[in-house]
Amino acid sequence: MRQLCKGNVAIVKAAIMAGCRSFYGYPITPASEIAEYAALLIPQVGGTFVQAESEVSAINMVYGAAGAGQRVMTASSGPGISLMQEGISYIAGAELPCVLVDVMRGGPGLGNIAPEQSDYFAMTKGGGHGCYRNIVLAPASVQEMASLTMLAFELSDKYRNPAVILADGYVGQMMEPLDVDLVEANVPEKPWAVRGTAETRKNLVTSIQLTPDLLEKHVRQLEAKYREIELAEPRWETYKADDADVLFVGYGIISRILRSVVDMARAEGIKAGLFRPITLWPYPSLALAETANKCAQVTVVELSTGQMVEDVKLALAGAKPVDLYTRVGGNVPSAEEILAHLHQHATALA
């Protein structure tokens, strides 16, 4: 079934098909439609929607529902995600599965409501305290807002870990055709959950370990899980990258623009290609290094002052020069603008 759908709305429809029956959140532009449609649709399938009094309350309600074995989700944007960071750390430490949606807007502080990609550090590097990681998926279309949301629930349950949909405001607000395939949710059993029953009375969901040795053991177990995720779950795609001299790297709405840049550059005889990370954590470092192996230069384009570029440089380990082009404040570069930058800065064209 095909329908015209906004990215934020696609997330809610996909979450319901994935078996999500609990949503706790607080509206914030440009993510507000997620809470709006969750309030409309989740009660229709027998689920629970609560508009909390704050993002702090919302993330702690997520903690409770996840601990009870529910498939649960919340959504926000930069300022709200900042308030949730302590709770995200608690959830990761307690090894609870949940899905968090961050539809990024300009910052820091209140910033504005226009699209940016400046929450990359906050979501991929932690943001809260302690040694923990979020699984982070970056959709580039309305279709992927749906498909990656369903994947996020699966990965979250598989690894008992928070999974994040990290979308810029453009992808959240755009409308595109969405192909919806009605599927039966495969929600796994959760024998570890605390459901208020005699059978689960023995279960304990906590992140507190009061002795150094016990905490170290727990953190090492988390570390081993993250290593497993790093090996098993990187995702990416390439476009005309096999013979590229210049390799662009971008995610979200930027990857869509970079496809046009690649086509425009090739029309001029410049062998350009695109590498798009779909998982921002685990970052597809090995795949990027292999793709960039035959290139003369890598150019990263971001809606930030440069965040993902650090992971690109780590992946390439100095083997290739890395150029960076950025726009911020809600400004999104045109394909022509990026191509002009390529003409001025590409060592491969010298």
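Two rings of Phe, Tyr or Trp form a pair if their centres lie within 6.5 Å. By this rule, this predicted model has 4 aromatic pairs. Ring pairs link Tyr-120, Phe-121 and Tyr-251 into a cluster.

**Aromatic pairs**

- A pair of aromatic rings is described by the distance of the centres and the angle of the planes.
- Tyr-120 and Tyr-251 form a tilted pair, with 6.0 Å from centre to centre and 45 degrees between the planes.
- Tyr-120 belongs to helix α5 (residues 120-124), while Tyr-251 is in the loop between β10 (246-249) and α9 (253-267), so this pair ties together parts that are 131 residues apart in sequence.
- Tyr-120 is buried, with a relative accessible area of 0%.
- Tyr-251 also counts as buried, because its relative accessibility of 1% falls under the 20% cut-off.
- Tyr-226 and Trp-281 make an edge-to-face pair, because their ring planes stand at 90 degrees, with the centres 6.0 Å apart.
- Tyr-226 sits in helix α8 and Trp-281 in strand β12 (residues 279-281), so the pair ties together parts that are 55 residues apart in sequence.
- Both Tyr-226 and Trp-281 are buried.

**Charges over rings**

- Arg-160 lies over the face of Trp-192, at 4.2 Å from the ring centre.
- Arg-259 has its charged end over the ring of Tyr-239, 4.4 Å from the ring's centre.

- Phe-121, one of the residues in the ring cluster, has its backbone nitrogen reached by the side chain of Gln-307 at 2.9 Å.
- Gln-307 is found in the loop between β13 (297-302) and α11 (308-316).
- Gln-307 is buried, with a relative accessible area of 9%.

**The largest pocket**

- The largest pocket has a volume of about 250 Å³.
- It is lined by 14 residues, and the closest to its centre are Ser-89, Gly-93, Gly-130, Ser-207 and Leu-215.
- By class, the lining has 8 nonpolar residues, 6 polar residues and no charged ones.

Technical notes. Residues numbered from 1 in each chain as written. Predicted model: local features only at pLDDT ≥ 70, side-chain atom pairs only at ≥ 80, totals over all residues. Heavy atoms only, no water. 1 Å grid on protein atoms, 1.4 Å probe; cavity = no way out; pocket = protein on both sides within 12 Å on 5 of 7 lines; lining within 4 Å. Points joined across faces, edges and corners; volume = space filled by probe spheres on them. Nonpolar A, V, L, I, M, F, W, Y, C, P; charged D, E, K, R; others polar. Phe/Tyr/Trp six-rings, centres within 6.5 Å; stacked < 30°, edge-to-face > 60°. Helix = DSSP H or I, 4+ residues; strand = E, 2+ residues; numbered from the N terminus. Buried < 20%, exposed > 50% of the residue type's maximum accessible area, 1.4 Å probe, protein only. Lys NZ or Arg CZ within 6 Å of the ring centre and 35° of its normal. Polar contact = N/O pair within 3.5 Å; in protein donor to acceptor, adjacent residues only side chain to side chain.
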